[in-house]
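Notebook open. I want the fold first, then the cores, the aromatic rings and the charged pairs.

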Amino acid sequence: MDTDRDTTASGGYARTDTHTGGGNGGDAGTAGHTAPGGDARTGERDIRIGPLTGDRVRAEAGGALSALLRDAVHHGASVGFLAPLEAAEAAAWWRRAAAEADTGARTIWAARGADGELLGVVSLVRAAPSNQRHRGDVSKLLVHTSARGRGVGRRLLAAVEAGAAEAGLTLLVLDTETGSPAEGLYRSAGWTRAGTVPGYATDPAGVPRATAYYYKALD
């Protein structure tokens, strides 16, 4: 598995990795919007989604973003790292992601709660080859375990789909661990399963797991 296309969805861990992609960056701390709909009893109305600039990613790389990535790996997410994931390694990955955001290769959206705490993130990674620039990869969809059950993963997925469509992309792809709860999220959001590859990547404990590939055509 290309170890930079990893996804973790609300309710379970998904896996999707790539080295290409992106778009324009903003600041989720100031440019976010309140997610539409939702149930106030579960705090969905308090979730704010917005893009992160490269500078904001760098500012949070050693803090909230590193903690989010380490939480995912600690709880079994196959997101390109083996356990235990050290804080320095997690922060270094985010700093590389920040550099990609600077160039437009990657767009990162963050979900925040009412008090600004980081609940989850997702990336759109643009395909680099000239004959694939209509396509993007959904990458690093991570939801903190403390934020599960609030619709964070679904709203992040909707945000990346809307951002991709606005950027003129017509096709999105991702991959996830076969049999993970995330598969239900993708299917319910209109994604189509293209097939599986056995033993494509290991989980954080080093055990090989099958990977399912999904795609979605954008209107």
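**Fold.** I took helices (H or I, at least four residues) and strands (E, at least two) as DSSP runs, numbered from the N terminus.

**Ground rules.** This is a predicted model: local features need pLDDT of at least 70, side-chain atom pairs count only at pLDDT 80 or more, and totals for chains, interfaces and linings use all residues. Residues are numbered from 1 along each chain as its sequence is written, and side-chain values use heavy atoms, with hydrogens and water left out.

**Burial and contacts.** I looked up how much of the chain is buried (under 20% relative accessible area; exposed is over 50%, partly exposed in between; 1.4 Å probe, protein chains only). Buried residues make up 51% of the 219 residues. Next I checked contacts, meaning heavy atoms within 4.5 Å. Of the contacts with a separation of 6 or more, 66% join residues 24 or more positions apart.

**Helix H3.** I stopped at H3, residues 64–74. Its buried residues include Leu65, Leu68, Leu69 and Asp71. They pack against helix H2 (54–60), helix H4 (87–103), strand E4 (118–126) and strand E5 (135–143). Just after H3, Gly76 has a positive phi of about 100°.

**Cores.** I defined a nonpolar core as a set of buried Ala, Val, Leu, Ile, Met, Phe, Trp, Tyr and Cys residues joined through side-chain atoms within 4.5 Å. The largest has 27 residues, and Val152, Leu156, Leu172, Tyr186 and Trp191 touch the most other members. Elements giving it two or more residues include strand E3 (106–112), helix H5 (152–166) and strand E6 (171–177). H5 supplies the largest share, six residues. Another core lies apart from it, with 22 residues, among them Val73, Ala90, Ala98 and Ala110.

**Rings.** I paired rings of Phe, Tyr and Trp (its six-membered ring) with centres within 6.5 Å; planes under 30 degrees apart are stacked, over 60 edge-to-face, the rest tilted. The count is four aromatic pairs. Trp93 and Trp94 are edge-to-face because their planes stand at 85°, with centres 4.8 Å apart. Trp93 is buried at 5% relative accessibility, and Trp94 is buried at 0%. Tyr186 and Trp191 make a tilted pair, 6.1 Å centre to centre and 55° between planes. Tyr186 is buried at 0%, Trp191 at 4%. Tyr186, Trp191 and Tyr214 form one aromatic cluster.

**Charged pairs.** How many salt bridges does the structure hold? I counted a side-chain nitrogen of Lys or Arg within 4 Å of a carboxyl oxygen of Asp or Glu. The structure holds ten.

- Arg58 pairs with Asp55, closest N and O atoms 2.9 Å apart. Both lie in helix H2, three residues apart, about one turn. Arg58 is partly exposed at 33%, and Asp55 is exposed at 54%. Asp55, Arg58 and Asp102 are linked in a salt-bridge network.
- Lys216 pairs with Glu161, closest N and O atoms 2.9 Å apart. This pair links distant parts of the chain, strand E8 and helix H5, 55 residues apart. Both Lys216 and Glu161 are buried.
- Glu183 pairs with Arg193 at 3.2 Å, N to O. Glu183 is in helix H6 and Arg193 in strand E7 (residues 192–202), ten residues apart. Glu183 is buried at 4%; Arg193 is partly exposed at 39%.
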